[in-house]
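Have the viewer open as you read.

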Amino acid sequence: MNRADRLATANIGVAVGASTVAAMMAVMQALSRANLDLPFRSASMYYLSVTAHGVLMALVFTTFFIMGMGYVVATRALGQPLPWIGFAWGSFWVAAAGTLMTALTILAGKASVLYTFYPPLQAHPAFYIGATLLVVGSWGWCAVMIRAHLLWRKANPGALTPLPMVGMLATVIVWLLATPGVAAEMLFQLIPWSLGLVPTVDPVLARMLFWWFGHPLVYFWLLPAYVAWYTILPREAGGKLFSDPLARVVFVMFILLSTPVGLHHQFMDPGIDVKWKAFHAFNTMWILYPSFITAFTVIASLEVAGRMRGGVGTFGWIRKLPWSNPLVSSVVCAMLLFAVGGFGGAINASFGMNAMVHNTSWVPGHFHTTVGSATALTFMGLAYWMVPALVGRQLELRPMARVQPWLWFIGMLCFSIPTHITGLLGMPRRVYDPSYAGDATAASWRWLTDLSAIGGLLLFASAMFFALVMLFTVTAGKKMEQPPLEFAEPLEPPGPRAAILDRLGLWTVVAALLVIVAYGYPIWSHLQMHTYGSPGYSPF
Amino acid sequence: MNVDFYEKVWMWVAGVIIAVFLAMIAVSAAAYGIRPPSRIEMIDPAAVMADPRFAQQGVTRLPDGRVQATMVVGMFFWLPAEIHVPAGTPVTFRVTSIDVTHGFEIAKTNVNTMVVPGYVSQLTYTFDTPGEYLIVCNEYCGTGHHTMGGKVIVEARP
């Protein structure tokens, strides 16, 4: 095990640890919303656990897993050692220290401000500083990834970047376009304010800066999953990638469109011009397009695999896919759930229909089929694929690993569909006790929250299966030679015209200009308004 | 760049689907006025109760016959917690917060807006069916968030 593999393993280890703690928080929330009176149930415990679950899943699990996966792709797909490895380890420790700081502040009850941390809710400064260190550490990872690509370019003049690395670089670029928003919110607003250096902050400005980061964050989660769907799934399924150039088009579209869309989270906000909301709604709709292409290409790749394995007939190829491979079943389940998430997302982004679902439980129902399935379940599948090769041990508890994705799939349907429906019936998200003193409308949600709680229990079981498989693989798996990790070949090579798609620096410049248009004017005009700041409140 | 025939067809279909979605949004916004509440009006959150715009809460009939519901929200209450409005008449809600950000939502309607301190939220809605409607806070605002229920009683017009 070389230093780069140890670094990747350390990142994935933090991710798995964070997700295990977060899963325990989650099951408690699902039971609380079903009004089960458990001994540890209290309002402050509930909101603490929502904060911990959100931060540990959405920010810690995803970021560390993606960093670990990035190092695996940069060494395996580029076929070269990782550059700047000491610096990369330093970045890991900065991010890990920040995570610990933030997590301990939350668990101490000093930061029940949820993972969106909207002011004027005010957490202890350690919460904001820790989260900022996590982002700073991830910037170190970005630098290492870019450096690895530049070295590869120098050694391979004129060659097209291997597709898995294109996807990881798109992830890096999206992250670098997104994080300045939240960095500005932290450095100019929340950290000085929580330290008492400035008395007030403007909450609408803070929300704009947060969502500049908050929506591209979802593509930061999604693009590594797409790397797996395009470049790992087809090979593991026994076939080839259906279309390499279209996969490159998809990644470039995400670079361009992932950031100038964040105001669709603020359709219901006062103080923001409706014309800019409409502009962001327009951009958001087009970001469905690369996912439509992905659906075709990835399913076509699966069909290629099924037929190469001897499948015949219109649907006969499905049976021939290697369902016993937990990467294959994880990714297919993740994609099916993401179809639900994609259509729900189109509704959220609809300028008019958003009023029906905004901040209702529809929203957590939605994003548990996106980040909670498309991303999380794909990452679990990737862990089954990568971790044995990184640590040089065979996957342990295989039967558990085979059952786990299906358990997640069923649990997620059982959790998410009723959660969508209660949202349409008006139930708000993030409420400890949705009974509203016996109100009749609130009573109509009850049987649905019970179903969601059953889904929550199944998901919890699935998450524990995953954690156990990982734990036993790393500590007790049978030792073996580190096997190679290889990526799918395309049916046809991409051809010379794909070279324009490989000019990632150029696309980044275009994307940055779009961000300046989409956020420059709204923020500039907001700063011209006469607004009133808010002091901090910590009602938790 | 060789793109498979069926994939080309699919790419056109996907483009048309998105164009149709956008056309529906544009028509509903332009012809029916279905667009998100986006009032730009500031208020000092520390002086809401003394501000003439919010000193009197509750439902009033404006001189031109329109109905206006003025509400103030704080941790963890609505002021007033119960309002009576007529069915079939447009009601303009004006809401502002004296502390943190809250969310004003009337369950099973399209009344939904963030209430951010320092800003006035405003939207208009017509209740067609008389009855009792549940007001909830839909933005986490502290340990009492889930207790913030309120009521709208929609009365049939005499």
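R430(A) sits in the loop between α15 and α16 of chain A; helices here are DSSP runs of H or I with at least four residues, strands are runs of E with at least two, and both are numbered from the N terminus. R430(A) isn't a glycine, yet its phi is positive, about 55°. Most residues other than glycine have a negative phi, and most peptide bonds are trans. R430(A) counts as buried because it has 24 C-beta neighbours inside 10 Å. The cut-offs: 20 or more other C-beta atoms within 10 Å of a residue's own makes it buried, 12 or fewer exposed, and anything in between partly exposed, with C-beta atoms placed from the backbone.

L397(A), also not a glycine, has a positive phi of about 50°. Look for L397(A) in the loop between α14 (362-391) and α15 (398-424) of chain A. With 18 C-beta neighbours inside 10 Å, L397(A) comes out as partly exposed.

A word on the source: this is a predicted model, where local features need pLDDT of at least 70 and side-chain atom pairs count only at pLDDT 80 or more, while totals for chains, interfaces and linings use all residues. Residues are numbered from 1 along each chain as its sequence is written, and chains are lettered from A and ligands numbered from 1 in the order in which they are written.

## Two cis peptide bonds

P119(A) and P120(A) are joined by a cis peptide bond, with omega about 10°. P120(A) belongs to the loop between α3 (85-107) and α4 (125-155) of chain A.

F76(B) falls in the loop between β2 (67-74) and β3 (77-79) of chain B.

## A kinked helix

Helix α5 (residues 163-194) of chain A bends by about 40°, centred on M186(A); the bend is the angle between axes fitted to the seven residues ending at a residue and the seven starting there. Most of α5(A) is covered, with 24 of its 32 residues buried. Just past α5(A), G196(A) has a positive phi of about 85°.

Of the 158 residues in chain B, 38% are buried.

Where the chains meet, 66 residues come from chain A and 54 from chain B, with contact meaning C-beta atoms, placed from the backbone, within 7 Å. On the chain A side, α9(A) gives the most, six residues.

Key. Two residues are in contact if their C-beta atoms, placed from the backbone, lie within 7 Å.
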